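Hi everyone, thanks for making time. Let me put the structure up on the screen and then walk you through it.

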Amino acid sequence: MLSSATLSLDQAPPISVPFRFFLTAPLFAALAGLLLIYYGETLFVSRWMPGTLALVHLLTIGFLAMVMCGAMMQMLPVLAGVSVPNVLTVPSIIHLLLVVGTGSLVAGFLYTDSNVFIFAMVTLGGGFGLFILLITVTLLRVKVKNRTVKTMWLALFSLLVTVILGLLLVQSLISPVDGLQVALITNLHLTWGLLGWVGLLVIGVAFQVVPMFQITPEYSQNTQRLLPVALLFLLLSWSIGALYQTSLVTILAELLLMMGYLLFAFNTLRLQAQRKRKVSDITLLFWRVGMVSTTVAAGLFVLNHFSSELIPQSKMVFLMGSLFIIAFGLSVVNGMLYKIVPFLSWFHLQQRNLALPREKRVKLPNMKTALPDRIARKQLIAHLIMLALLFGAIFWPQWFARLAGVALFISSMMLWWNLVIVTKSYRAYALKLRRRATDA
Amino acid sequence: MEHPLDVSQLEPPEPMERILGKLDELKAGDFLSVTHRREPFPLYPLIEQDGFRWRCIEESPALFRIYIWRVHDLRAEQLIP
């Protein structure tokens, strides 16, 4: 490839756009903590409890999707060399719709109000719809079609399925939809959300980000080529099996799906063990927690299939949900934030610095100084305590549920504050650069 | 003259920092030959804005060679493989 760049600096949204996604997400997780403190052990009675549904969506949409949408828009320029157009400030509108949509969906669950549900459908449907459209347009413009880009297509498709099924489920809460099997559609919705959208996006991003930031060997070409497609194929087969009640297809597909995730987690842990630079790294530690959790989740699922008395089914649902959403999803995304936010901040400063005449340029600080590892490490400890209490709460909710809520609140607020520290450091340097630019 | 620079074992944003640092040292007829494990997309608009041209060759999926030289430096441009 030859100059000129496909990436245009003028097209990309200003830094305040991605930062608002990253800075609001931990607040939703903190809100989930408050909800757990308020409702306590009742949230562990059944997965159909309104409070439980509210808690899950605060974490999945409010935290996970919020960061993933913001990060996808920002990382596409870095990973695929194409900017997401800031047409009519669409990214800011997506953010607003997701914030209002998450809030209203949660309120709808808690107060069972049809009007609030309708509002949630419009805002979330609109927000995700706009996001899917924007990323589709952007991905179509990518000239370099690497594995990450191909996997992003699969993740985006999974998001579309998840959102459509989600809207259908909200509709059924407003007025019963004829012939809709709510339990079945709910299982499809959550499986496409977690093992499709979240899982595939993490895998696609990992193909580049793990070797890039953690200086490990590359994932094998076979893994990169086959794993995402195989997982999507299995998700489709599983869904068809579930819809047509073909238990053999369903069981086979779900066991293979779990094996696929087991393979990914195992592979990642193996690559991380082989990394050339042995310096401790906060993101690496969060990712290890995530990968170990995936291994445990997939392993438990397979084991429980062959010996169903191992863990009672009522507990198994909460265990799998907590492992996939919190121990895997929250850990990996939390760890990524510690790379993305300082990197973006550094990159935007660098860009402004280079726009100055040579004699006016300043020496920018190393990316790591914006947030020292020892500060982020304290949050990791809070996160680990939260996970331990959460697993305790699944088996002894009356003892641990509220404590887990407190820990979730604290850990999320610590993450939020750490990101605020990076933002403050960015602002201080941005101001310095602006002064340099206006100085005679 | 070719100035080799291997950034393949560095964590972002160190590769970009090193490259930008080296570019300042380039004299007429000089070009930078960077060994990288990925294509550094975000680097391109920055160096173009700063008056450089580049050419990237993918030698294997995890090995990229990026040549960078000053705009209008024909002597350097002729030396680029």
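**A first look at chain A**

So, of the 440 residues in chain A, 48% count as buried, where buried is 20 or more other C-beta atoms within 10 Å of the residue's own, with C-beta atoms placed from the backbone. Before I go on: this is a predicted model, with local features needing pLDDT of at least 70, side-chain atom pairs counting only at pLDDT 80 or more, and totals for chains, interfaces and linings using all residues. Residues are numbered from 1 along each chain as its sequence is written, and chains are lettered from A and ligands numbered from 1 in the order in which they are written.

What is it built from? Chain A has 13 helices and zero strands; helices here are DSSP runs of H or I, at least four residues, and strands are runs of E, at least two.

On overall shape, the C-alpha trace of chain A spans about 75 × 45 × 40 Å along its principal axes. Now contacts, meaning C-beta atoms, placed from the backbone, within 7 Å. Of those in chain A between residues at least 6 apart in sequence, 77% join residues at least 24 apart.

Let's zoom in on one pair. Helix 1 (residues 16–39) and helix 2 (residues 50–80) of chain A pack at about 165 degrees, their axes 8 Å apart; the axes are lines fitted to C-alpha atoms over the stretch in contact, and angles run from 0 to 180 degrees between N-to-C directions. That makes helix 1 of chain A roughly antiparallel to helix 2 of chain A, a label for angles over 145 degrees.

Terms used. Angles under 35 degrees count as roughly parallel, over 145 as roughly antiparallel, 65 to 115 as roughly perpendicular and the rest as oblique. A residue is buried if 20 or more other C-beta atoms lie within 10 Å of its own, exposed if 12 or fewer, and partly exposed in between; C-beta atoms are placed from the backbone. Two residues are in contact if their C-beta atoms, placed from the backbone, lie within 7 Å.
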